[in-house]
Amino acid sequence: MSEHDHKHPVAPAPVTPEEAGSQALSHALGSSFVIVRVLMIGLVIVFLGSGFFTVGPQEQAIVLRFGRPVGEGNKALLGPGFHFALPAPVDEVVRIPITQMQTVTSSVGWYATTPEMEATKSEPPPGPSLNPAIDGYLITGDANIVHARATLRYRVTDPIRYQFDFANAPSLVGNALNEALVYAAGQYSVDDALTRDVTGFRDKIYNRLLRLIDQQQLGIAIDPPTVQVIPPRQEPVKTAFARVLDASIQRDKQLNEARRYESDLLTTARADAASITNSAAADRTRMVRFVAAEAKRFSDLLPQYEKNPEMWYRLQQTEVLRRVFTNAQEKIFVSSRADGKPRELRVQLSREPQKPSQK
Amino acid sequence: MKRNWLTFITGLLLLLIFGLLLFVFQVRKSEMAVVTTFGKPNARQYTEPDAYFRWPWPIQKVHKLDQRIQNFEDRFEEVLTPDGYNLLANVYVGWRISDPKLFFPKFAGGSVAEAEKVLESIVRSAKNEIVGKHPFADFISTNEKELKFAQIEEEMLKKVQSQIAANNYGVEIKFLGIKRLGLPEAVTQAVFDRMKSERQVLVSRIENEGREQASNIRSAAESEASKTVAEAEAVANGIRGEGEAEAAKSFAVFQQNPDFANMILKFNALEQTLKEKSTIILDQNTSPLDLLKAPEPSRKTQSTNTK
């Protein structure tokens with residue numbers, strides 16, 4: 001067009017309405033193609049960019065390129081962070097929860113309840129007996145019936161196997177737990193499982209689980225499960241079990257009382273024994289000292305006495321009587337009757353108690 | 001020119017993607033595939049995850065099969081033990097498709113659900129047969145040697161595996177476990193009655209034990225206590241005896257003049273007896289109170305006066 005104008009420097013040809021219209025159209029189309037092209041390029045960029053993904057802190061991821069993991073064995077696992085993969089359908093990103101603890105609860109062995117009731121810690125009323133279709137229970141080694149429930153926490157240690165080799169790995173773990181529960185219950189008596197050997201029961205379940213996980217290669221690592229065991233809720237079984245517990249408590253109380261009695265009695269006896277021997281020792285000492293003192297006094301006084309026995313006697317008598325009369329509480333002097341007849345004395349006993357002499 | 005180059009690239013990309021969708025199929029890590037050409041399955045087996053070439057439909061069709069281990073559970077049903085127990089047993093099986101070429105034609109479209117229907121009847125008959133060989137005590141026993149729980153599972157597994165192999169289902173049974181055991185409702189009632197009476201026996205046993213033990217403790221304590229006291233008394237007597245023996249040595253002194261010794265002791269005793277709270281009644285003849293009488297003239301005094 002511009003060339004044409006250049007060769008013929010005449011006034012430009014008048015623009016007809018049809019030409020103007022087609023001009024405008026081709027102009028519009030030209031610019032719309034630009035927009036479309038921009039859009040297409042934009043889409044391609046977005047498409048390629050959709051390959052970016054992040055892996056969370058509790059996960060690992062595998063990129064499957066045409067279905068096959070990128071990388072050999074465990075190297076295929078991508079840790080937390082920002083990664084790139086080609087977009088679908090070339091690559092597929094599979095996320096595997098790995099470090100977070102999974103929890104599974106046994107589904108056999110416990111009476112029928114709902115999550116709402118669990119939350120409010122209430123329970124549905126026990127029926128007259130146990131309907132196997134509805135209620136779970138376990139048969140113990142001594143052919144009794146109990147309810148037991150186990151909760152297991154585990155970690156995935158082989159994520160590739162856990163994710164890709166099992167259609168429903170959590171369900172298989174749950175069934176392993178169930179089997180272990182049934183297996184263990186069948187070896188324990190009801191008393192052992194309920195009270196006497198609760199730890200042993202739990203360990204039995206744990207060891208069986210380890211065995212099953214190893215056999216089936218589930219690719220997980222487990223903590224020992226927590227186990228809850230209760231007797232049936234139906235009357236009169238429930239009461240019968242409660243009575244046994246009461247009887248045990250009573251017996252323990254009885255034994256404690258007996259032991260307290262024993263302890264008190266023996267302590268008292270020992271104290272008495274000590275006091276008996278101590279008192280005897282004191283008596284002995286006193287006697288020995290007394291006699292020794294008397295012997296000494298005797299030896300001291302003997303020479304005096306032997307010099308003049310009668311004089312010594314009179315002196316001694318006077319001295320002793322003086323002391324006696326001083327110490328006596330009451331002295332009653334009775335003179336002789338003029339006619340020489342003996343006096344009659346009347347003594348009133350049980351008088352007021354006398355006060356001890358003040359010394 | 002630049003415009004065309006970019007368009008060319010984009011067009012190529014679109015063509016590539018289109019081609020991938022039509023002529024390539026993937027086998028994902030959890031899958032296997034069977035390819036049918038005009039409806040007939042190929043001889044080739046696709047068990048490894050990868051991308052493979054194919055002709056688009058309607059020439060070829062790709063059927064995906066799950067290569068993972070499935071979890072199958074049968075129904076909680078009654079089986080009869082040889083000793084007449086109606087045991088309810090529930091079994092779970094871990095199985096997978098091992099041979100897609102065999103599996104695919106036998107179960108429509110390679111459906112796992114279809115296979116499980118067949119598996120169910122195999123498992124049920126194995127369960128009946130094996131349980132029918134084991135008495136109740138093989139399932140539950142507090143004596144570990146008698147227990148055959150694991151063995152029963154093992155036998156059932158082998159039975160199911162042999163049935164599967166005999167029929168060439170292209171399936172592999174990896175493991176089998178007893179998930180649950182139970183008893184018919186009427187039987188649980190009988191069990192409850194027995195449990196109740198067992199508990200009652202236990203209660204009286206505990207009570208008796210308690211009574212007996214407590215009484216033993218008490219009587220043992222009493223006997224021990226009296227023994228302790230008796231021993232102490234014996235020792236005490238011995239001690240006193242020692243004292244007397246030692247005192248007896250001193251008595252030898254008194255032999256020098258027994259009468260004098262007696263006299264001293266009597267004086268002591270008199271003084272000690274009358275030390276407190278004593279009332280003494282005296283008459284005027286007791287010395288020194290005899291001084292209170294009118295004095296009798298004494299010859300000695302008179303003679304002194306006359307001088």
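Predicted model: local features only at pLDDT ≥ 70, side-chain atom pairs only at ≥ 80, totals over all residues.

Mentor: We'll take a helix, a sheet and a helix pair in turn.

Trainee: How many residues does helix α7 of chain A have?
Mentor: α7(A), residues 198-216, has 19 residues. From first C-alpha to last it reaches 27 Å, close to the 27 Å expected at 1.5 Å a residue. Helices here are DSSP runs of H or I, at least four residues; strands are E, at least two.

Trainee: Which residues of α7(A) are buried?
Mentor: Among them are Phe201(A), Ile205(A), Leu209(A), Leu212(A) and Ile213(A). Lys204(A) and Arg208(A) are also on that list. Buried means under 20% relative accessible area, with a 1.4 Å probe and protein chains only.

Trainee: What follows α7(A)?
Mentor: Gln217(A), with a positive phi near 50 degrees.

Trainee: Switching to chain B. What's the strand order in the open sheet of three strands?
Mentor: β3-β2-β5, with antiparallel pairing. β3 (40-41) and β5 (60-66) each have a single partner strand, so one side of each lacks a neighbour in the sheet. Strands pair if DSSP finds at least two bridges between them.

Trainee: How many bridges between β2(B) and β5(B)?
Mentor: Seven. Val35(B) stands opposite Val62(B) in β5(B).

Trainee: And how do the axes of α8(A) and α5(B) cross?
Mentor: At roughly 0 degrees, coming within 9 Å. The two helices are therefore roughly parallel (angles under 35 degrees).

Definitions and conventions. Residues numbered from 1 in each chain as written. Chains lettered and ligands numbered in written order. Heavy atoms only, no water. Expected span 1.5 Å × (residues − 1). Buried < 20%, exposed > 50% of the residue type's maximum accessible area, 1.4 Å probe, protein only. Axes fitted to C-alpha atoms, helices over the stretch in contact; angles between N-to-C directions. Parallel < 35°, antiparallel > 145°, perpendicular 65-115°, else oblique.
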